[in-house]
Amino acid sequence: MNNPFLIGKSIYLRSLTVADIDDSYYRWFNDKETTQNNSHGRLPENRESAMRFFEGLSSDKIVHFAIVKKENDIHIGCCSLQNIDWISRTAEMARIIGEKEYRSKGIGTEVAKLLLEYGFNSLNLNRIWVGNISNNIAAIKSVDKLGFKVEGILRSSIYKNSKYHDVIIRGILKDEYLLNE
């Protein structure tokens, strides 16, 4: 393992590096299959835009990680707690598995568990939420099994693939998370 910050069963989370950006990072956000059910892929990504994002990671509003497979140290995706509100103690969780061969293997759920544990027990957050496009069934099932509850629907709030989609907001509170532990 190369500089792990959070360690799970099959993956670990570490800081994103410039080498990650140069390797595969922005390629994922240009891939139609990878971005079909999320808010990415509507504008082209390149190294410069990825570097601008990377340089903004020093903000106190986001904690961003590379997702790395333990068995081979391959960077397979990224995740974050973002839009952090330190007064209300809330954050939005985001995850993307960029390397296709690692999808549908429970890794997204494992990542979410690590982020919840970190967010609630280390950052002392009270609420973590996600916004999923309504046709992102895999992401929805993943957070539902972790105890997230539907909090609302943003109707026709994202335009993607030539049509408007609802975004379903789900959240989990710290006390709900602790009950599921």
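Modeller: Start with Lys-145, which is found in helix 5 (residues 137-145). Helices here are DSSP runs of H or I with at least four residues, strands are runs of E with at least two, and both are numbered from the N terminus. This is a predicted model: local features need pLDDT of at least 70, side-chain atom pairs count only at pLDDT 80 or more, and totals for chains, interfaces and linings use all residues. Residues are numbered from 1 along each chain as its sequence is written, and side-chain values use heavy atoms, with hydrogens and water left out.

Biologist: Why is Lys-145 called exposed?

Modeller: Buried means under 20% relative accessible area, exposed means over 50%, and partly exposed lies in between (1.4 Å probe, protein chains only). Lys-145 has a relative accessible area of 62%, so Lys-145 is exposed.

Biologist: What makes a positive surface patch of Lys-9, Lys-113, Lys-141 and Lys-145?

Modeller: Patch residues have over 30% relative accessible area and no salt bridge; like charges are joined within 9 Å, and nonpolar side chains (Val, Leu, Ile, Met, Phe, Trp, Tyr) within 5 Å. Lys and Arg count as positive. The place of a Lys charge is taken as NZ. Lys-9, Lys-113, Lys-141 and Lys-145 form such a positive patch.

Biologist: Why is Glu-99 called buried, and what is Arg-27 called?

Modeller: Glu-99 has 13% relative accessibility, so Glu-99 counts as buried. Arg-27 has 44%, so Arg-27 is partly exposed.

Biologist: How many salt bridges does a search of the whole structure find?

Modeller: Four. One of them joins Arg-170 and Asp-144, at 2.7 Å, N to O. This pair links distant parts of the chain: Arg-170 is in strand 8 (residues 163-173) and Asp-144 in helix 5, 26 residues apart.

Biologist: Are Arg-170 and Asp-144 buried or partly exposed?

Modeller: Arg-170 has a relative accessible area of 7%, so Arg-170 is buried. Asp-144 is at 37%, so Asp-144 counts as partly exposed.

Conventions: Accessible areas come from the Shrake-Rupley method with a 1.4 Å probe; for residues, only the protein chains shown count as cover. A salt bridge is a side-chain nitrogen of Lys or Arg within 4 Å of a carboxyl oxygen of Asp or Glu.
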